[in-house]
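Dear colleague,

Please find the structure below, handed over for your use. My notes on its features follow it.

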Amino acid sequence: MNVELGDLNAFLAVARAGGFREGARASGGSASGLSEAVRRLETQLGVRLFNRTTRSVALTDAGVGLLARLGPALNEVEAALDVVNGFRDRPAGTLRLNVPVSAARLVLPSIVPGFLAAYPGIRLEVIAEESFVDVLAAGCDAGIRYDERLEQDMIAVPIGPRLQRFATAASPAYLDRHGRPEHPRDLLGHACLRGRFASGAMPPWEFERAGEVVRVDPTGPLLVTLGGAADLAVDAAIAGTGIVSLFEDWLRPYFESGALEPVLEPWWQSFPGPFLYYPGRRLVPAPLRAFIDFIKVPADRS
């Protein structure tokens, strides 16, 4: 069976994006071109891969089966072809990273501009989300996660600050009205702006001082999805709605401007910084290898 690699990539683009127009935007092609490629592939395979209506495009059972096996396989093909880039003066190609929103905001800005300037032939695609994903199945070369969320059998390389802290904060006006907590348990009597993961899990607020660890589960008037909606909680805190808990580096600009005041700072808990992780396979794509080498070199990228 003579199936074109381009037709398989077209199928993959449409399946991942959920439609021909969306797939065209993601791949840089045209919707008509993707449609023709998928139609050609279906003819060659003798089976329908998508159910199409004027309103939606959905995978058939055959399409679901093909997608499950094709994504990782094409990633391997792309990685193998990308090895050729290692023989060029400058690696080229696309590097896809799956990262949490906090990393996209706090880690990558000090790295990405310098990296892209050093490797003009590389196109970086960053997918920011908080849910657990299989980076290969998601079509990504690597991801950024914290130690407790790393997948097994992955190679991990430190990236970004090696020590971070969670901070709690509120507006001066809120604290003037309701008082300044002196112990983490005092938060149980305050309006706290909580966050939960896309999975529905809502982590407690954890504090530590002189070896004493305190976990509290306060309540409040606002609950947001961690990552994507965190700025809403920050804005609400600035407006005096309650106390927010977030990465210290995320809140620092508001501390410096006076919009927010640190709360319980002696109790802020430190934790190790994130890692870049990728599959321990023999063929590492040239753009990913360049990125790994770049972040391993100490530099002032602030």
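**Findings: the sheet and its surroundings**

Within the sheet, L97 has A142 of strand 5 as its bridge partner. The model is a predicted one, which should be kept in mind throughout. The strands to which this bridge belongs are strand 3 (residues 93-99) and strand 5 (residues 142-145), paired in the parallel sense over two bridges.

Both strands belong to an open sheet of five strands, ordered 4-3-5-15-6, in which the pairing is mixed. Its edges are formed by strand 4 (122-128) and strand 6 (154-158), each of which pairs on one side only. From one strand to the next, the twist averages 25 degrees. Helix 10 (residues 286-296) lies across strand 3, strand 4, strand 5, strand 6 and strand 15 (275-279). Relative to strand 15, helix 10 runs at about 150 degrees.

**The chain as a whole**

The protein chain holds 10 helices and 15 strands. Of its 302 residues, 42% are buried. The chain exposes about 15600 Å², with carbon and sulfur atoms supplying 53% of that area. Among contacts between residues at least 6 apart in sequence, 72% join residues at least 24 apart.

**A residue of helix 1**

L12 lies in helix 1 (residues 5-17). Is L12 buried or exposed? Its relative accessibility is 5%, and because the cut-off for burial is under 20%, L12 counts as buried. Leaving aside residues up to four places away in sequence, L12 touches L67, L70, G71 and L74. The C-alpha atoms of L12 and G139 are separated by 9.5 Å, although the two residues are 127 apart along the chain.

Most residues other than glycine have a negative phi. Two residues may be noted against that background.

- A210, which is not a glycine, has a positive phi of about 50 degrees. A210 is found in the loop between strand 9 (205-209) and strand 10 (212-216). With a relative accessibility of 84%, A210 counts as exposed.
- L264, also not a glycine, has a positive phi of about 60 degrees. The loop that holds L264 runs between strand 13 (261-263) and strand 14 (270-272). L264 is buried, its relative accessible area being 7%.

Thus A210 is exposed, whereas L264 is buried.

With kind regards

Technical notes. Residues are numbered from 1 along each chain as its sequence is written. This is a predicted model: local features need pLDDT of at least 70, side-chain atom pairs count only at pLDDT 80 or more; totals for chains, interfaces and linings use all residues. Side-chain values use heavy atoms; hydrogens and water are left out. Helices (H or I, at least four residues) and strands (E, at least two) are DSSP runs, numbered from the N terminus. Buried means under 20% relative accessible area, exposed over 50%, partly exposed in between (1.4 Å probe, protein chains only). Contact means heavy atoms within 4.5 Å. Accessible areas come from the Shrake-Rupley method with a 1.4 Å probe; for residues, only the protein chains shown count as cover. Two strands pair if DSSP finds at least two bridges between them. Axes are lines fitted to C-alpha atoms, for helices over the stretch in contact, and angles run from 0 to 180 degrees between N-to-C directions.
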